[in-house]
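Here is a quick briefing to read alongside the model. Keep the 3D view open and follow along.

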Amino acid sequence: MLTSSFFCIYELYLRYKSTRLRIVNDSSKLDQPHIFIKILRTFLPLYFITLTLVSSRTLVYIPRMTVKVLSAIPFGHGSRKVIVEADTTRGLPRFDIIGLANKIVDESRGRIRAAIKNSDFVFPSEHITINLAPAELPKRSSHLDLPIALAILRLSKQLLDADLNSKCFVGELALSGEIMPVRGIVNIVELAEARHCEELIIPSKNYKEAILLASKTKITPVHNLKELWLHLKGVQQIFPQENVVKNTRTGKAQAFSDTSEFITTNVVKNNNTDTLPILDNIVGQYDAKRALTIALAGRHNILLSGPPGSGKSMLAKCARSLLPEPTKEELIEITKLHTLSKLANSQVPVRPFRSPHHTSSLRSMLGGGLDLQPGEISLASRGILFLDEIAEFQRDILEALRQPLEEHCINICTASAKTCYPANLILIGTMNPCPCGNYGTGTCSCTPRQVDNYRKRLSGPILDRIDMKIKIRHVPTSVLVKSTTTSNHEHETAKAKIAAASHIQLEERHKYNSELNSVEASKLITNTKTKNFILEACKKLNLSARSYFRLIRVSRTIADLDNSSTIEPSHIAEALLYRQEI
C-alpha cells in the first residue's frame, strides 16, 4: 500500500513539473494558474495525512488467529458436537455467522453483542466471522450463544486459550448476560461423557437434569457471563452443587455424596398425586380394578369398554398414583425425553401420564419435524399413554401405534435425518360400545350397522397388540347411594402388590413381563399341565401367535402378583378372562 501511494504522488509531481516547464517556455501564460497546480495545492496535504494514518496502522503487525470453542446441540434422541470457529479481519465493524444456521442462531448476534457489553466486556469493532462446524449440520437452537460469546472474548484477548481448552460450553444468553436454560441437556452430557470432556459448562437451571447422568465429566452450573469469566480466570471458582441441593421431601438443604442419593431424595412427585382419584373412590367394578392392577404390574396394554359414566376414565386416572417410582435408568430415560421437548418444564418428571385429545395431529403423536421432536408416544415412555375415546382418534394415528406397541420404540425419518425414540409405554384406552354409548343397556338407538362400523375403527392388528380387553357395566344407583367408603386401603393394597410384582420381575428377569421376547416367554411355561391347558385354549379361541405370547406374559404377571414361582392353569384361565371381545 505504501508503494502504490508513493507512485501516485510521484506521478502527480511529474505532471506538475512538465506543466511548469511548458508555462515557463510560454511567457504569455506565466500569470495563468494551471489546473495541475490547483490539484496539487488542494489534495496533496490531504493525501499525505491519509498516507500517514494508513502507514502507521500498516507498520504495526497484528497476528491473525482462529479461535475454536467446543459445544454441542441435541439432534434427535442423541446430540452432535459443534465446533465454534471465530476469525477477525480489518474492515468496517460487522458480525457474520455461517454454517447452516437458522433464524434463531442468526438472531443471536444481537443477544451476544448486548450480553458482552452489559457484562462490562469489550466487543471488538472489527469484522468478525463465526463458523459453526460441521457446516452440513443444521443448527436450529440457541445452545451456541455462550460458546460464540466466549470465542469473541478470546479474539479480543479478554480470554486465553488455556481458559477454554478441554471444556465444552452450552447455553443461551439473555441481553443482561444471564445464561438461560436450554433443552436436551441430558443428551449433551452423554456426548461430553463419550468424548471424555474434562468440564461441561451449562446453565444453572439445567443442573438438576445434568447431574442425573454425569459421572466422569465435571458439571459446572453458571448464572451469567461475568461469573463464568471469573471462573475461567481462576478468580472465583464455581463448585458443583451436590452439597447445596434442596430436598423436595423435607424442604431443607441437604448434602449428597453421590448421584444415586440425589435421585432417590430429590425426584419430583407427579403433579401433586394427593389430588388424584384412588381406587377406593370407585364403587364396585372389582373385575376392572383387578385387571388394572395386573396391567400396571406387568406393564401390559389394556382397553376398557363401557357406557358413559361407568368409571372408565376414573380408573385410568387412578393408574397415575399406582405405579412405583422409576429406577435410576428409567428416570434418566424419562428426563432425557422430556428435556428434548420444547414444552417440558424444569422439574424432573416421574412416570409420565400423557393424555392427548382425540383431535391431536399425527405429528404431535408420533413426533418429527425439522428438529425431530419427540411426540406423545415417546413422551409417555416408562409411563402411561391414556387415549380417552380411542375410537375417535384418526385412523392414521391408531395404525401408527403398531410398531411402538410391538417393539417399544418408534423410528422417525425425514428427508435429511432419522432417529429412534423409545416408546416403552402402557397404553390405556377407553371407548364406548357404540356411537350413543348405551349398547347393551336396553336404551341404545344405534343400528347394528352403526355399531359394527364404530367397533371397526379399531383394526384387528391393533386389538391383537392390546393384552387385556375389559367390558365395564353400569353400577346400580342403589349401590352408589349405600357406598360410604372414605379410606384408601384398597388403593394402597393394589399399589403394594404392583411394587412387589415389579420388583420380582426386575430381580429375576431383569425386565418387565411385557418386554419379554417370544423365546423368553416360551421358557416360562414349565408345567406340563399348564402347557396342555394353554394349547387347548388357543385351539378353541383361535388365538394368533402374538396373542399366544401375550397370554403367557399376562399369566406370568398374575403369577407374580400371587407370588408363585410357576405359571399354573388358574393363572392362564384368569388371563383368558381379560381377552373379551369388544
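Which residues does leucine 296 touch, not counting residues up to four places away in sequence? They are Ala319, Leu322, Leu323, Ile384, Ile426 and Ile498, where touching, or contact, means heavy atoms within 4.5 Å.

Before we go on, a word on the ground rules. This is a predicted model, where local features need pLDDT of at least 70 and side-chain atom pairs count only at pLDDT 80 or more, while totals for chains, interfaces and linings use all residues. Residues are numbered from 1 along each chain as its sequence is written, and side-chain values use heavy atoms, with hydrogens and water left out.

**The whole chain**
- Of the 582 residues in the chain, 49% are buried, meaning under 20% relative accessible area with a 1.4 Å probe, protein chains only (over 50% is exposed, and in between is partly exposed).
- Take the contacts with a separation of 6 or more: 72% of them are between residues 24 or more positions apart.

**The nonpolar cores**
- The largest nonpolar core has 47 residues, and Leu296 and Ile428 have the most contacts inside it.
- A core like this is a set of buried Ala, Val, Leu, Ile, Met, Phe, Trp, Tyr and Cys residues joined through side-chain atoms within 4.5 Å.
- Helix H11 (residues 286-298) gives the largest share of this core, seven residues.
- There's also a second, separate core of 38 residues, and Phe95, Leu132, Leu164 and Leu232 are among them.

**Two crossing helices**
- The axes of H11 and helix H24 (residues 545-561) come within 9 Å and cross at roughly 100°; axes are lines fitted to C-alpha atoms over the stretch in contact, and angles run from 0 to 180 degrees between N-to-C directions.
- That's why H11 and H24 count as roughly perpendicular, a label for angles of 65 to 115 degrees.
- On the H11 side, the residues making the contact include Arg290 and Thr293, and on the H24 side they include Val554 and Leu561.

**A hairpin**
- Strands E1 (residues 67-75) and E2 (residues 78-89) run antiparallel and are joined by nine bridges; two strands pair if DSSP finds at least two bridges between them.
- Valine 67 has alanine 86 in E2 as its bridge partner.
- Two residues lie between E1 and E2 in this hairpin, and glycine 76 in the turn has a positive phi of about 65°.

How values were computed: Helix = DSSP H or I, 4+ residues; strand = E, 2+ residues; numbered from the N terminus. Parallel < 35°, antiparallel > 145°, perpendicular 65-115°, else oblique.
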